[in-house]
Amino acid sequence: QHPGIAFEIKRLIQRRDQQARQSAKARWVEQADKYLESGDYARAQLAVSNGLAEFPGEPELLELDKLVAKSLDRESQAQELLRTAREKSGEDELESCATILRQAHQIDPRSPVIRTVLINSLVKRAQDALEKDLELAESLVQEILRLDGQHPGARSLVSRIADRRRDEFVAWCLAQARRLQAERDFVGASAVVSQGLATYPKEARLLQLEATLNRAQSEKLPL
């Protein structure tokens, strides 16, 4: 047999074995990465351990092992904060509870449990703030949507906040227009109503007042 052919066969066999080894290692790495991304650190640790059992001393797996260890440590810290937050169940402790949960989420952002508990806490605070502080309610809703852009509770709150802002603005326009109307400043009253209709063109209360003011100006009737 020609020496060159034997050498090439040996090279191809070695290349095949190397590729098989790389593929096997890549499967363990892929599994570990998948579990890390989902926050399942225990399974990530198992995948890395199995990988190192098959490929002792493999540099990438050793580094992954360190990463998993750090993730498990962060998970432990975050879970401790979660337990602390759950002990604060009083109505007057909602803000403190949310602050602790934010810290837990910052430490372990991949934990679905911490994320869910944090969102539920923020929804509760936003609902409570809706009748007292619209700015706070809106800020909390935006925070929820950053965590979960499709959260149904947050979406509902967005609509309720918009309704409240509309009601407040329309009520302000009506009050100002009525004050000017009482002073017989029909032009000023109409301008305020027009300002309101520019924002909410189909608002029935503003349309009704606009019609009243138009009649008053055309007929010069006392109102």
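Start by selecting K25, then show what surrounds it: K25 touches F55, E58, E60 and L61, leaving out residues up to four places away in sequence. Contact here means heavy atoms within 4.5 Å. K25 lies in helix α1 (residues 3–38). Helices are DSSP runs of H or I with at least four residues, numbered from the N terminus. Is K25 buried or exposed? K25 is buried, with a relative accessible area of 17%; buried means under 20% relative accessible area, exposed over 50%, and partly exposed in between, using a 1.4 Å probe and protein chains only.

A word on what you have open: this is a predicted model, in which local features need pLDDT of at least 70, side-chain atom pairs count only at pLDDT 80 or more, and totals for chains, interfaces and linings use all residues. Residues are numbered from 1 along each chain as its sequence is written, and side-chain values use heavy atoms, with hydrogens and water left out.

Next, go to R83 in helix α3 (residues 59–86). R83 is partly exposed, at 45% relative accessibility. Draw a C-alpha to C-alpha distance from R83 to I100: the two are 17 residues apart in sequence and 9.8 Å apart in space.

Now select A98, in helix α4. A98 is buried, with a relative accessible area of 0%. Which residues does A98 contact, beyond its neighbours within four places in sequence? They are L118, S121, L122 and R125.

Move on to helix α6, residues 134–147. Helix α6 has 14 residues and reaches 20 Å from its first C-alpha to its last, close to the expected 20 Å; the expected span is 1.5 Å times one less than the number of residues. Zoom in on the N-terminal end, where D133 caps α6 with a side-chain oxygen 3.2 Å from the backbone nitrogen of E135. Then colour the buried residues of α6: L134, A137, L140, V141, E143, I144, L145 and L147. Their cover includes α4 (94–107), α5 (112–129) and α7.

The next stop is a helix pair, α7 and α8. These helices pack at an angle of about 170 degrees, with their axes 7 Å apart. Axes are lines fitted to C-alpha atoms, for helices over the stretch in contact, and angles run from 0 to 180 degrees between N-to-C directions. So α7 is roughly antiparallel to α8, a label for angles over 145 degrees. To see the contact, select F169, W172, C173, Q176, A177, L180 and Q181 of α7 together with F186, G188, A189, V192, V193, Q195, G196 and T199 of α8.

On the α7 side, D167, V170, C173, L174, A177, R178 and Q181 meet R205, L206, L209 and L213 in α9.

Finish at R184, in the loop between α7 (152–182) and α8 (186–199). Phi of R184 is near 60 degrees, a positive value. R184 is partly exposed, with a relative accessible area of 46%.

Notes:
Helix = DSSP H or I, 4+ residues; strand = E, 2+ residues; numbered from the N terminus. Polar contact = N/O pair within 3.5 Å; in protein donor to acceptor, adjacent residues only side chain to side chain. Parallel < 35°, antiparallel > 145°, perpendicular 65-115°, else oblique.
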